[in-house]
There are 2 protein chains.
Amino acid sequence: MTLQHGTLKTVAGGVTAPAGFRAAGVHAGIKRKRKDVAVIVSDVPAAAAAVFTTNKVQAAPVQVTREHVAGGRLRAVVANSGNANAVTGPEGLADARRMAALVAEALGAAPQEVAVASTGVIGVRLPMDKVEAGIAKALAALGRSEDAAAADAAGSGDGNAGSGHAGGSNGDATANGDGHGNGDGPDTGSLAAARAIMTTDTVPKEIAVEFMLKGRTVRLGGIAKGSGMIHPNMATMLAFLTTDAAVAPAALQQALRRSAQRTYNRITVDGDTSTNDMVVIMANGLAGHDPVEADDPALAVFQEALDYVNTHLAKAIARDGEGATKLIEVRVEGAPDEAAALQAARAVAGSSLVKTAVYGNDANWGRILAAVGYSGIDFDPATVDIWIGDVAVARRGAGVAFDEAAASAALRRPEVLLRVALNAGDAAATVWTCDLTEGYININASYRS
Amino acid sequence: MTLQHGTLKTVAGGVTAPAGFRAAGVHAGIKRKRKDVAVIVSDVPAAAAAVFTTNKVQAAPVQVTREHVAGGRLRAVVANSGNANAVTGPEGLADARRMAALVAEALGAAPQEVAVASTGVIGVRLPMDKVEAGIAKALAALGRSEDAAAADAAGSGDGNAGSGHAGGSNGDATANGDGHGNGDGPDTGSLAAARAIMTTDTVPKEIAVEFMLKGRTVRLGGIAKGSGMIHPNMATMLAFLTTDAAVAPAALQQALRRSAQRTYNRITVDGDTSTNDMVVIMANGLAGHDPVEADDPALAVFQEALDYVNTHLAKAIARDGEGATKLIEVRVEGAPDEAAALQAARAVAGSSLVKTAVYGNDANWGRILAAVGYSGIDFDPATVDIWIGDVAVARRGAGVAFDEAAASAALRRPEVLLRVALNAGDAAATVWTCDLTEGYININASYRS
């Protein structure tokens, strides 16, 4: 069973598009001027699943959320930017628990029903007075769930491009309490939450889709943030997903893990894996159909919608990598198996030389072949074909005469496709990354303060 | 048996410091203005050994030199910069063989007694007319071996800093034939050869040492080039070593392999492994002692001198990485075994976030700990201590109050030490890298032409 053509459509509202979800994002003063505390709440308890960073150094919120999601049920996610609450010892762990407890108390839920996420500078304690005030402010700004999607759609136009680059000048934070407490726009809605988890992201990232599942119209929404922070540190990736579909926790976990492998785990900005990466999904079942269990054929339909949403968010993260000017899609095909294709694609996407060549619109296919060469896969260079966009630049392991102007034009596009055919099998894999520019250096060489 | 304190001293002359070696470097027109063909010749047949890139894509000269060195005997090395002769098919292989044959013919040697190396743009055929003329010119410039060291010492001052940054303006290449055929200085000697293998290197790299071996005074010299090229492409690493010690080929190969593991394989600039990397050593035995075999305790003395020379050249390469402003030494200690220490040190040295933080003089120890976290080694973050220079910045996995000014001062030095103690054993490893700057982007984003 798969999604029928035309049955999946994008809708406005991000994480508040599904029934029964509310969201807010406010300025609490952890960052100087911009929104920094987000909450996403389900009106009713939701099945929950999550995937986390593989870094051995795991931030306090990762440890707490792992514990909480193990129960399979969440009412809310609370997140802050500006401080990662990582390597902060037992005190940091207590701070993360306190964030969950405050939200739980306000909702009349158990602390274990709240997921916590943080992103920002590591090794520094959270300013808990500000965090606590920010959580209270965010909860007050949640609004009614039936208004959320409408408010968000009105605030953001198409629900993604929004009011443009958040990195632009917004002036000082103005007085709070009117629901428009800062230069980032309204505090209520999905876009507010998307803005409140941004670090060096230049645009908020959100999406929502609607599709048919077990005879009902269901919705799935998500927000995400990518690489870097204003006080530069880790390239933390956070994504929060909501759906009014009914999916059992075990099935939800299985679908999320598979989807993360195909999407978030196939993007790379700089090869650094954060201490704070986290993807959390809540499925509150308000669409009213029977819960989808792991052996239900309908899970494939849900999976397809989930992959669509996560692919969108993952590509948005790669496109908005620190200093990036374009999205690079690396596709390796004709591999003996998917693992080899993925390994080769990751090497190409991770190559600083490839990424700078794309930045410079330089059809330097030798760097692409060389990256496959050191990827560790077993292959014969003499059978490899390479394309930049639609321009064939190497065939059977050697350069071919090609139109430099056409290749350069393919490289000047906002989305650049690098395609490598190993001609050694039927498997393929795609990885997304961005170009490497002076902007990356400028962002990351700055002082922490 | 090890080197006694004070018995190893540096001397001038680079690869021509040992008895019976001559070298030259000329401008052949592969590059626009700068020297691009080098030859190093031993007056008598020399025992030989080499190590090569692990990239699956191996340039034609790598394939040819691997064949030739298998015989254990060389008379000469010929190398060019400006073109890597990589992924050039059977024609490229024939070109590499032709380079060896031309030098062999002039010396009255077998083609198998000549090693070939190339570095530069890949996927483009060598301009063989220019290469052939350049080889003839270089052979003519070799001079007499007894004059070589003196000429070189006179030309370069301390034999390393030389006449300063080769990246400086040198004006147009002037008329040739007078032995000072271009703005890079004289064509005769080690420094000329060191200049002729440079790509985006900003300084030539050479060293020579003198030490006692089996009762004789012996010398060991070397030249090397590092990352990048004028027509930017691979970060190829080449090193050529000469000694008048007598070392049997098997012992020489063993010592070189060990030394490369400890030196060249412990530097990283950008993680890209070239198709052309090569280290070649020739030991002509003119010092007159009995050959050192693999089971001779004297091999340890030779090994120590070899490691000294290769460490010097490897650090010079890291220090002169593309766009680099400083050398970074990453030392991981207290590891359960050396492999774990090395793996962790490589992750830290390879982290773009760490390298940009060092560039920005930012004591961002969280990035260091996070890199250890994703290195793949098994460790407990709660036992880790971290120092920047002499400044302790983290203890037992958490930040400590430290003097930001002192840490920043430690980061402003031309050589920055990042030290990580895992407190989980007695093993240690050191890796060298450089900071990541706008210069790297500028060099590598340029068009190939």
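Over the face of which residue does B:Arg419 lie? In this predicted model, local features need pLDDT of at least 70 and side-chain atom pairs count only at pLDDT 80 or more, while totals for chains, interfaces and linings use all residues. Residues are numbered from 1 along each chain as its sequence is written, chains are lettered from A in the order in which they are written, and side-chain values use heavy atoms, with hydrogens and water left out.

**View 1. Arginine over tryptophan in each chain.** B:Arg419 lies over the face of B:Trp387, at 4.0 Å from the ring centre (a charge sits over a ring if NZ of Lys or CZ of Arg is within 6 Å of the ring centre and within 35 degrees of the ring normal). In chain A, the charged end of A:Arg419 sits over the ring of A:Trp387, 4.0 Å from its centre.

**View 2. The open sheet of chain B.** Six strands, with mixed pairing, follow the order E13-E12-E11-E14-E10-E15; strands are DSSP runs of E with at least two residues, numbered from the N terminus, and two of them pair if DSSP finds at least two bridges between them. Strands E13 (398-399) and E15 (427-434) of chain B stand at the edges with a single partner strand each, so one side of each is left without a neighbour in the sheet.

**View 3. The antiparallel pair E11 and E12 of chain B.** Strand E11 (residues 385-388) runs antiparallel to strand E12 (residues 391-395), and three bridges join them. Within this pairing, B:Trp387 stands opposite B:Ala392 in E12(B).

Key
Helix = DSSP H or I, 4+ residues; strand = E, 2+ residues; numbered from the N terminus.
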